[in-house]
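Trainee: I would like to go through this structure term by term. Could you show it first?

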Amino acid sequence: MDRCRSRRPRPADGRGRRLGPGTAHRCAPRRTPGGEPIMSLLGSASGDGRKGRVPGPGTGTSSDPEPERLARAALTRVLEPGDEVTGGWLRRMGPMALWRSLLGADDPPEGAGETKVAGLRLRAERASPEADLATVTALGGRFLCPGDDEWPRQLDDLGDARPVGLWVRGTANLRLWALRSVALVGARACTEYGAHVAATLAAGLAERGWSVVSGAAYGVDGAAHRGALAAGGATVAVLASGVDRVYPSGHTELLERIAEQGLIIAELPPGDHPTRSRFIQRNRVIAALTRGTVVVEAALRSGSLATARRAAELGRFTMGVPGPVTSGLSAGVHQLLRGEAAVVADAAEIIELVGSIGDLAPERRGPVLARDLLDPTAARLLEALPVRGAAEARQIACDSGTALEVTQAKLFELQALGFVQRCGPRWELPPRGPSAGGYRRGGS
């Protein structure tokens, strides 16, 4: 019986090739919600895939999307974000050929394991790319593909980990906003200090025309988004779920404001939920999308540190805001600052690093006191006066190593400036020092 079963002819696909056992059912044409076979929309896998491109590349709002866009939209529901193995398949085969392969119409990708392919084909059977495109269009959004005018070219630095595509909500141009953008990330359970610093930095960046990118999580992320929104600036939320799925639920109002005033982007299609691994992979998009990453507060095992280190690997700037050395929420930042990251304290210092030549932060210095303007001889004589009591000019000259004639002349100058007072033949410091200099021995 087994021998007869092994000789039974296997069904053939549309190109005359014999398929393996258990695959014949995959040859049935799958249909979109509109009733049209998906394979007919994708056309030949060997074709260009961009012929008949819809007007306005990058909008993704056409009711008749081109085959490559449809294939990429489908693959976002099948492939996990950041998977370099499947990203390599996509690079070598192209989106339409890979999609046909995962539908079972073509051979599996070269070198692919049977278990992995079987799991992806289960996902492919449930994919409805046209329904996902219709959902994001109803939200006023769009689906971006690599090569679109709005596609941020810096994401290509991720190589095989580059997103298959991006689902976007909001009216702004993502590529233009990403050209002048900074990521602000940090602890979810941040302190009041961390929230204040994040909001202040975000507002300062927004006021200077820079986009603030973060992950819309609780803590530092939320404070950064709110700071940019409060300043009337640009902010981008990168989600680890679909753009229509509010996570965390406590940020419903915040995400609605971002969708209206800024941009919400995600690799996952509408309706998809976040997982731990997807949060980790989301961080690589934040790192690649921006000119630099600033970590405000982070513990030693914070995912924010992974974002900063990924940014450094991609050649982006990494920065950190120091906190109290007694705070565990700043321990990760301090570790980062001991290595590759730069210390920043305000938006001007961030822009000095990530901005153009000439975007310099103002030089920081303490207040200039009147005594700072004294010439060296006068300053030396002032130091020679006793803190308590008075001294004659000869004693002051001796203690300062200055000629008596010069000492007498300089003492009268110091008297005119209010630094000393004369009591007969003796000289002393005023009881409370001159208001212009506030002089006291020891420098304060």
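What follows is a dialogue that sets values against definitions.

Mentor: This is a predicted model, where local features need pLDDT of at least 70, side-chain atom pairs count only at pLDDT 80 or more, and totals for chains, interfaces and linings use all residues. Residues are numbered from 1 along each chain as its sequence is written, and side-chain values use heavy atoms, with hydrogens and water left out.

Trainee: What is the average pLDDT of the protein, and what share of residues score at least 70?

Mentor: pLDDT is the predictor's confidence in each residue, from 0 to 100. The protein averages 84, and 80% of the residues score at least 70. Over residues 1-64 the pLDDT is below 50. That stretch still has 105 contacts beyond near neighbours in sequence, in the model; contact means heavy atoms within 4.5 Å. Residues 433-444 also have pLDDT below 50, with 31 such contacts. Where pLDDT is low, the predicted coordinates should not be read in detail.

Trainee: How many helices and strands does the protein have?

Mentor: There are 18 helices and twelve strands. Both are DSSP runs, numbered from the N terminus: helices are H or I with at least four residues, strands are E with at least two.

Trainee: What makes H10 a mostly covered helix?

Mentor: Buried means under 20% relative accessible area, exposed over 50%, partly exposed in between (1.4 Å probe, protein chains only). Nine of the eleven residues of H10 are buried. Among them are Val-220, Asp-221 and His-225. The cover includes strand S3 (181-185), H9, S4, S5 and helix H11 (252-261). In the protein, buried residues make up 49% of the 444 residues.

Trainee: Why is Ala-230 called exposed?

Mentor: Its relative accessibility is 69%, so Ala-230 counts as exposed. The cut-off is passed, although Ala-230 lies in helix H10. Its C-alpha atom is 9.2 Å from that of Ala-206, 24 residues apart along the chain.

Trainee: And why is Ala-216 called buried?

Mentor: Ala-216 has a relative accessible area of 0%, so it is buried. Ala-216 sits in the loop between S4 and H10. Its phi is positive, about 65°, although it is not a glycine.

Trainee: How do you know how H9 and H10 cross?

Mentor: Two packed helices are described by the angle between their axes and the distance between the axes. Here the axes of H9 (residues 192-207) and H10 (residues 220-230) come within 7 Å and cross at roughly 35°. Axes are lines fitted to C-alpha atoms, for helices over the stretch in contact, and angles run from 0 to 180 degrees between N-to-C directions. The contact includes Gly-194 and Ala-198 of H9 and Ala-224 and Gly-227 of H10.

Trainee: Which classes of residue make that contact?

Mentor: Ten are nonpolar, two polar and none charged. Ala, Val, Leu, Ile, Met, Phe, Trp, Tyr, Cys and Pro count as nonpolar, Asp, Glu, Lys and Arg as charged, and the others, Gly among them, as polar.

Trainee: What makes S4 and S5 a pair?

Mentor: Two strands pair if DSSP finds at least two bridges between them. S4 (residues 211-214) and S5 have three bridges, in the parallel sense. Val-212 stands opposite Thr-235 in S5.

Trainee: Which way do the residues of S5 point?

Mentor: Thr-235, Ala-237 and Leu-239 point one way, Val-236 and Val-238 the other way, and all are buried. In a regular strand the side chains alternate between the two faces of the sheet.

Trainee: Which strands pair with S2?

Mentor: S1 (residues 141-144) pairs with S2 in the antiparallel sense over four bridges. Phe-143 stands opposite Trp-167 in S2. Three bridges join S2 to S6 (residues 263-266), also antiparallel. Arg-169 stands opposite Ile-264 in S6.

Trainee: Why are S10 and S11 called edge strands?

Mentor: The open sheet has the order S10-S12-S11, with antiparallel pairing. S10 (391-392) and S11 (421-423) each have a single partner strand, so one side of each is left without a neighbour in the sheet. S10 and S12 (residues 426-428) pair over two bridges.

Trainee: What joins Tyr-247 and Pro-248?

Mentor: A cis peptide bond, with omega about 0°. Pro-248 is in the loop between S5 and H11.
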